[in-house]
Amino acid sequence: MTGITGIKEAARLLQSGSCVAVPTETVYGLAANALNESAVRDIFTIKGRPLIDPLIVHLLDLSAAKALTELDQEQQKALELVANQCWPGALTLVLPKAPQVPDLVTANRDSVAIRCPAHPLMRQVLEESGLFLAAPSANPFGYVSPTTADHVARNLGDRCPYILDGGQCEAGVESTILDLRDPKEPIILRPGPVGREELQRVLDRPVLDMKSGPQSDVSVAPGQLERHYSPRKHLSLHPVGELPKPNGTTAQIFLARPKDHLMPGQTYWLSEQGNLSEVAHNLFALLHKIDAQGEVEAIQCEIPEAGGIADAIRDRLSRASKR
Ligand code: TXA
Ligand code: MG
């Protein structure tokens with residue numbers, strides 16, 4: 001359901017302790033009242049997600065962020081700097097949590113992940129409900145994240161009480177996660193639409209990547225499993241211009257539109273001109289589409305060079321290709 005009726009119904013269900021699938025500018029989320037433990041438990045059950053993987057809490061603004069965190073002066077300054085320049089948007093911050101955040105949400109950590117989303121429907125649901133909303137991506141655990149209401153309906157189906165349809169998500173990949181617990185050494189735990197270069201400019205200091213950081217460790221970034229975001233079909237990755245010769249049961253994904261369309265098998269491209277934001281926007285939707293095609297046995301996909309949004313695309317593709 002869309003429009004004002006949909007928002008009111010979503011808010012009412014959330015207030016009564018139900019889960020609701022909601023659109024955001026990154027991917028669809030499966031939301032519940034973050035301060036209601038039984039509602040939060042349902043998120044884990046519906047997704048089949050292990051309880052050790054903490055959730056992101058969505059909120060409306062900086063003052064809500066302060067209510068859920070307990071910060072020293074340096075952390076407070078860093079939060080204000082980043083929030084004022086990057087929120088609302090596709091950036092999640094990890095900071096020390098306030099006691100009111102249930103341990104179930106943070107998987108017993110002393111930190112909480114918070115994000116102020118930009119999608120107008122999601123913001124209206126936050127406003128109308130007056131709640132903090134815990135929301136992971138609205139996919140079965142380990143599968144490709146949903147970027148349309150239809151992806152949610154097909155993959156969570158009747159396990160999800162209500163889906164608010166907000167059209168196709170703009171960014172198409174999940175938010176960047178930035179660990180700001182030590183503001184002197186901010187670390188990107190998951191690359192996303194807000195790139196490292198932008199964060200370095202905003203914070204005016206070097207920002208590390210999880211992999212290059214001092215704590216490259218799943219205990220810091222619990223959800224960053226080797227294998228994740230995976231289609232059911234076998235996925236292999238290839239440098240641009242190096243896709244192997246296809247056969248009739250292989251789907252091939254180019255980043256930009258190939259010059260020669262008369263190739264056997266199935267040919268797809270993520271962007272006419274190879275624009276990487278467009279590639280990210282279309283990536284999960286195309287994987288959902290090809291994964292649903294009975295005649296396709298394997299998917300071959302080009303992978304972009306690193307840098308900016310390409311870091312997020314490379315991260316999702318490489319996890320999706322792991323068996
Ligand atoms: O774009 C997004 O972030 C979407 C939309 C719905 O907002 N949400 C999303 O949630 O991608 P999810 O649960 O699929 O991914 C959240 C990631 C997980 O890898 C989780 O482990 C990590 O955030 N996370 C949550 N709390 C954390 C914490 N306190 N410390 C470190 N990582 C945390
Ligand atoms: Mg997810």
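Strand E5 (111-115) gives the largest share of the shell around ligand 1, 3 residues. Strands here are DSSP runs of at least two residues (E) and helices are runs of at least four (H or I), numbered from the N terminus. This is a predicted model: local features need pLDDT of at least 70, side-chain atom pairs count only at pLDDT 80 or more, and totals for chains, interfaces and linings use all residues. Residues are numbered from 1 along each chain as its sequence is written, chains are lettered from A and ligands numbered from 1 in the order in which they are written, and side-chain values use heavy atoms, with hydrogens and water left out.

**Around ligand 1**

The shell holds 26 residues (a heavy atom within 4 Å of the ligand). Thr26, Asp53, His58, Ser175 and Arg190 come nearest. By class, 12 shell residues are nonpolar, 8 polar and 6 charged. Ala, Val, Leu, Ile, Met, Phe, Trp, Tyr, Cys and Pro count as nonpolar, Asp, Glu, Lys and Arg as charged, and the others, Gly among them, as polar.

For threonine 26 the distance is 2.6 Å. For aspartate 53 it is 2.6 Å. For histidine 58 it is 2.7 Å. Taken alone, ligand 1 exposes 680 Å², and the protein buries 97% of that (Shrake-Rupley method, 1.4 Å probe).

**The pockets**

Ligand 1 takes up the space of the largest pocket. A pocket is an open set of points on a 1 Å grid over the protein atoms alone, where a 1.4 Å probe fits, with protein on both sides within 12 Å along at least five of seven lines; lining residues have an atom within 4 Å of a point. Volume is the space filled by probe spheres set on the points, which are joined across faces, edges and corners.

| Pocket | Volume | Lining by class |
|---|---|---|
| Largest | About 620 Å³ | 17 nonpolar, 15 polar, 9 charged |

The largest pocket is lined by 41 residues. Arg49, Pro54, Ile56, Ile177 and Arg190 lie nearest its centre. E3, E5 and E8 each supply at least two lining residues, and E5 gives the largest share, 4 residues.

The second largest pocket is lined by 23 residues. Pro191, Lys211, Asp311, Asp315 and Arg319 are the closest to its centre. E8 and helix H10 (309-321) each supply at least two of its lining residues. H10 gives the most, with 5 residues.

Note on methods. Polar contact = N/O pair within 3.5 Å; in protein donor to acceptor, adjacent residues only side chain to side chain. Sits in = over half its atoms within 2 Å of the grid points.
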